[in-house]
Amino acid sequence: MNPERFKNFGIGVGFLLIQVMLFRHLKIIQIQPDLILIFLVWYMARKDRTAALLMAAGLGFLQDAILDLWGLNMFSKTLLVFMSYNFIPSGSKKQLLIGQVFLTIAIAALIHNLIFLGLNVAIQSYTGEQYFWQHLIGSSLYTAFVASFIQLFRTN
Amino acid sequence: MRFKLPSIADAKDHIITALILIIAVALMIGRYQGGLNNLRKASITIFSYLEEPLSNVRVYRRALKTNTYLRKQNVLLLDELSRLRAAEQRNEQLRELLQFSSESNLSLYPVQIVGKELNQITNSLTVDAGQEEGITNGMPMVSSEGLVGKVILSANGYSQVMPYFNTLFRVSAKLQQSNAYGIVSWDGDSKKELQLNYVPQTTDVDTGEVVVTSGYSNQFPPDIPIGKVLRTEPQQGKETQRVYIEPFVNLFEIAEGFIVKFKPDTTIKNLNEDYENLLQ
């Protein structure tokens with residue numbers, strides 16, 4: 001990890017600590033902002049996709065570890081960065097207007113929270129280990145097998 | 001048609017994303033299957049260290065909410081306490097009336113005062129019983145403490161009572177110890193005392209002595225308490241003295257009472273009429 005990336009990771013951890021120590025206590029009608037998400041959108045606009053993915057995974061993991069969520073934020077944030085990287089205005093020297101910033105963050109937060117909540121519901125529903133692995137591995141392999149079979153016939 | 005596989009470099013981000021997502025899913029499964037207990041214990045310890053400095057903020061905010069809630073509860077409880085005290089007081093009054101009703105030999109009809117006019121010389125009370133309930137003019141009204149007044153007007157369902165604080169009110173009364181009798185009336189001055197007139201100056205009257213109805217007038221049954229003696233004053237140029245009485249019943253506080261279904265004895269009435277005719 002180069003010094004620049006290490007520094008940015010430190011800033012991300014700083015955001016995480018502020019989120020956990022301060023903003024969790026400043027709820028308005030049980031709603032709290034997600035500072036990590038803001039940091040990640042800022043990071044996406046300045047760095048390459050791989051770095052953004054790794055940063056999202058790292059910070060998501062730490063957030064999950066602190067909040068005992070284990071995987072939920074890591075999954076949501078990584079998937080968000082992966083899906084939305086190309087839509088975030090990047091490398092521009094021109095400063096964004098406040099409305100653009102609000103809209104970008106709002107859409108990113110909506111997608112993130114949608115993934116987060118959907119995953120949360122799903123993981124609570126599929127807690128049976130056998131069914132989960134059947135569904136995840138078995139179904140995935142079976143789908144791939146059928147796709148390969150179709151490809152085989154199509155080439156012939 | 002040629003199928004070209006993308007290079008590893010092109011798919012790097014996809015592979016990294018897939019790996020991270022698989023790790024995340026594995027963590028989620030591990031958390032629900034109980035496989036991360038040691039990690040969770042460590043994270044809880046770290047989290048508690050982070051939470052500790054600001055836990056007082058949460059405690060303070062909770063205390064503020066609790067304070068607001070308790071203040072509301074306090075107001076509600078005070079209101080409830082006030083209503084309970086009023087109910088207890090009313091309960092005691094009704095118990096006293098009930099006891100008086102069961103101990104008295106008189107025929108009593110319970111009434112509630114629905115109207116009160118005590119600001120004028122001609123004071124009056126309105127009660128919720130009338131001709132339909134057998135109430136007629138002249139019947140006395142009493143409470144558990146003593147005499148209140150007498151019915152002067154009876155209608156359907158309601159009657160008007162002249163209380164003792166009325167300049168037109170008269171009742172034949174006697175001192176309970178000496179049996180000296182007189183007429184109790186109100187001079188319209190003080191709303192704290194009545195006057196017992198025509199008591200001879202030779203009669204010794206003690207302060208605190210009880211004055212009751214005599215029954216001589218054939219309008220009120222005997223021995224209904226009226227009040228107790230406050231003081232006496234000799235009447236100038238007369239052989240009688242004026243006895244000031246503090247009535248037992250507080251007209252300003254009374255809310256219920258009884259109408260005594262007392263009817264004058266016609267034999268005595270006829271005898272008095274015959275006597276008056278004989279003198280003429």
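Start by selecting B:V142 and B:F258 in this predicted model: B:V142 stands opposite B:F258 in β12(B). Residues are numbered from 1 along each chain as its sequence is written, and chains are lettered from A in the order in which they are written. Local features here need pLDDT of at least 70, side-chain atom pairs count only at pLDDT 80 or more, and totals for chains, interfaces and linings use all residues.

Now show the two strands around that pair. Strand β3 (residues 140-142) of chain B runs antiparallel to β12(B), joined by two bridges; strands are DSSP runs of E, at least two residues, numbered from the N terminus, and two of them pair if DSSP finds at least two bridges between them.

Next, select residues 256-260, which are β12 of chain B. Four of these five residues are buried (20 or more other C-beta atoms within 10 Å of their own, C-beta atoms being placed from the backbone).

Then show the whole set. In chain B, β1-β2-β5-β4-β3-β12 form a closed barrel of six strands with antiparallel pairing.

Finally, move to the chain boundary. There, 24 residues of chain A are in contact with 25 residues of chain B (C-beta atoms, placed from the backbone, within 7 Å). Which elements of chain A give two or more residues to this side? Select α1 (3-21), α3 (49-67), α4 (72-84) and α6 (129-155); helices are DSSP runs of H or I, at least four residues.

Key
A residue is buried if 20 or more other C-beta atoms lie within 10 Å of its own, exposed if 12 or fewer, and partly exposed in between; C-beta atoms are placed from the backbone. Two residues are in contact if their C-beta atoms, placed from the backbone, lie within 7 Å.
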